[in-house]
Amino acid sequence: MAKPIKRLPMLPAERALKVISGRWKAIILYHLFDAPRRLSALQALMPDITQKVLIQQLREMEEHGLVRREIFAEIPSRVEYSATRLGLSLEPILLALCQWGQHHADELNEMDRLADCIIRPRQAQDAHAV
């Protein structure tokens, strides 16, 4: 039986923002869109995040159904994190947020201060792989 989720806001937009809010959640999801990853692999991809914060963010996303944590019966035990179908459904939303952020920076003449979007449409990624 699933443990109860902390009370989330009643307004759908506020609920969505609450579930994906946090400095690292979008970046963690981005790295899980491609393949399941171990904690150490996620840390290597995001050297600026502390292990404590990474684990906290993963637990919150797991609680909200965005991430699955799988423990393999090996010695030593292996744990992998992957995006759930619900988590994967955020890919176009995160891409849209990235594009809006670029638009916002452009409007305020701050494009030179902006990093490139790391979220790309899956079709574009697949086309480059061919």
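Is Glu60 buried, exposed or partly exposed, and what is its relative accessible area? In this predicted model, Glu60 has a relative accessible area of 23% and is therefore partly exposed, since that class begins where the buried class, under 20%, ends. Its salt-bridge partner is Lys25, with the closest N and O atoms 2.8 Å apart. Lys25 itself is buried, at a relative accessible area of 2%.

The protein chain contains 7 helices and 3 strands, arranged along the sequence as α-α-β-α-α-β-β-α-α-α. Of its 130 residues, 30% are buried. The accessible surface amounts to about 9300 Å², and carbon and sulfur atoms supply 56% of that area. Among contacts with a separation of 6 or more, 51% are between residues 24 or more positions apart.

The strands come together around E3. Strand E2 (residues 67-72) runs antiparallel to E3 and is joined to it by 6 bridges, and the two form a hairpin with 5 residues between them. Within this pairing, Glu70 has Glu80 as its bridge partner. Strand E1 (residues 37-38) is also antiparallel to E3, through 2 bridges, with Arg37 partnered by Tyr81. Strand E3 (residues 78-83) has 5 of its 6 residues buried, so it is largely enclosed by the rest of the structure.

Charged pairs complete the picture, with 4 salt bridges in the structure. Arg78 and Glu80 pair through their side chains at 2.9 Å, N to O, and both residues are buried. Arg113 and Glu110 also form a salt bridge, at 3.5 Å, N to O. Here Arg113 is exposed, with a relative accessible area of 65%, while Glu110 is partly exposed at 31%. Shared partners link Glu74, Arg78 and Glu80 into one salt-bridge network.

Key: Residues numbered from 1 in each chain as written. Predicted model: local features only at pLDDT ≥ 70, side-chain atom pairs only at ≥ 80, totals over all residues. Heavy atoms only, no water. Buried < 20%, exposed > 50% of the residue type's maximum accessible area, 1.4 Å probe, protein only. Helix = DSSP H or I, 4+ residues; strand = E, 2+ residues; numbered from the N terminus. Pairing = 2+ DSSP bridges. Contact = heavy atoms within 4.5 Å. Areas by Shrake-Rupley, 256 points an atom, 1.4 Å probe, with all protein chains shown as cover.
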